[in-house]
Amino acid sequence: QNRNRMFKRLKEFVAENVGPRTEAEVVTYNRSLKVKRKFTSDASEIVGALEETELETGAGTSQASERKDALSRINESTDPNQALQIARSYSRSLRNDLQFATDAIRDTINQLAGMKGRKILVYVSEGLPATAGIELFDAVQTKFRENTSTLEAFEFDMNSKYTGIIQAANAQGVTVWALDASGLTVDEFMTAENRQMDIRP
């Protein structure tokens with residue numbers, strides 16, 4: 001639903017803003033960087049590229065499933081070390097994906113070097129976490145009262161990668177518009193069927 005809503009708004013935005021004095025291109029990242037439509041002032045071609053992308057399966061679906069599974073396994077765990085290992089494993093995988101994604105964003109910005117006129121990167125996703133998997137370490141701490149889980153989360157801090165994006169944007173004179181497609185969200189463990197994390201004494 002989030003994805004469909006955002007695609008609808010993007011197509012409206014393109015139809016309203018792309019024209020004789022404004023060119024746009026469509027670039028996607030789903031495990032690899034791909035230019036779906038090179039720069040053009042034809043809004044219909046950009047909308048067509050967005051419609052093609054809309055039909056593809058995004059990586060967010062599997063990522064959400066992996067996160068939910070990891071949280072469930074932590075909730076079922078009786079050993080804090082086992083729960084921490086689950087959190088570490090998920091966070092390493094997510095950090096790896098985020099590193100490739102942020103590199104792709106920076107590479108896209110750098111490719112705009114030398115282009116004349118105002119340059120804007122409209123980046124659409126369901127957000128980039130400051131710390132990969134922080135919610136899993138929070139779940140371990142809540143369940144087992146393990147303060148070490150919070151310290152371990154520092155290993156997965158992503159802020160230096162995001163700083164690299166800002167530096168690239170400043171160097172190339174690119175304005176970044178980051179649009180969060182997720183809207184208001186509720187954590188899995190706050191839903192009606194799964195109100196809270198089981199607490200271990």
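Is Arg 31 buried or exposed? Arg 31 is exposed, and its relative accessible area is 53%. Hi everyone, thanks for having me. Please keep in mind that we are looking at a predicted model today.

My topic is salt bridges. As a reminder, side chains of opposite charge can pair when their charged atoms come close. With a cut-off of 4 Å between nitrogen and carboxyl oxygen, the count here is eleven salt bridges.

Let me stay with Arg 31 for a moment. Its side chain meets that of Asp 97 in a salt bridge, 2.7 Å from N to O.

In α3 (residues 60-76), Asp 69 and Arg 73 are four residues apart, about one turn of the helix. They form a salt bridge whose closest N and O atoms lie 3.8 Å apart. Asp 69 is partly exposed at 42% relative accessibility, and Arg 73 is partly exposed as well, at 41%.

Lys 8 and Glu 12 form a salt bridge, with 2.8 Å between the closest N and O atoms. Both are in helix α1 (residues 2-17), and because they are four residues apart there, about one helical turn separates them. Glu 12 is partly exposed, with a relative accessible area of 28%.

How values were computed. Residues numbered from 1 in each chain as written. Predicted model: local features only at pLDDT ≥ 70, side-chain atom pairs only at ≥ 80, totals over all residues. Heavy atoms only, no water. Helix = DSSP H or I, 4+ residues; strand = E, 2+ residues; numbered from the N terminus. Buried < 20%, exposed > 50% of the residue type's maximum accessible area, 1.4 Å probe, protein only.
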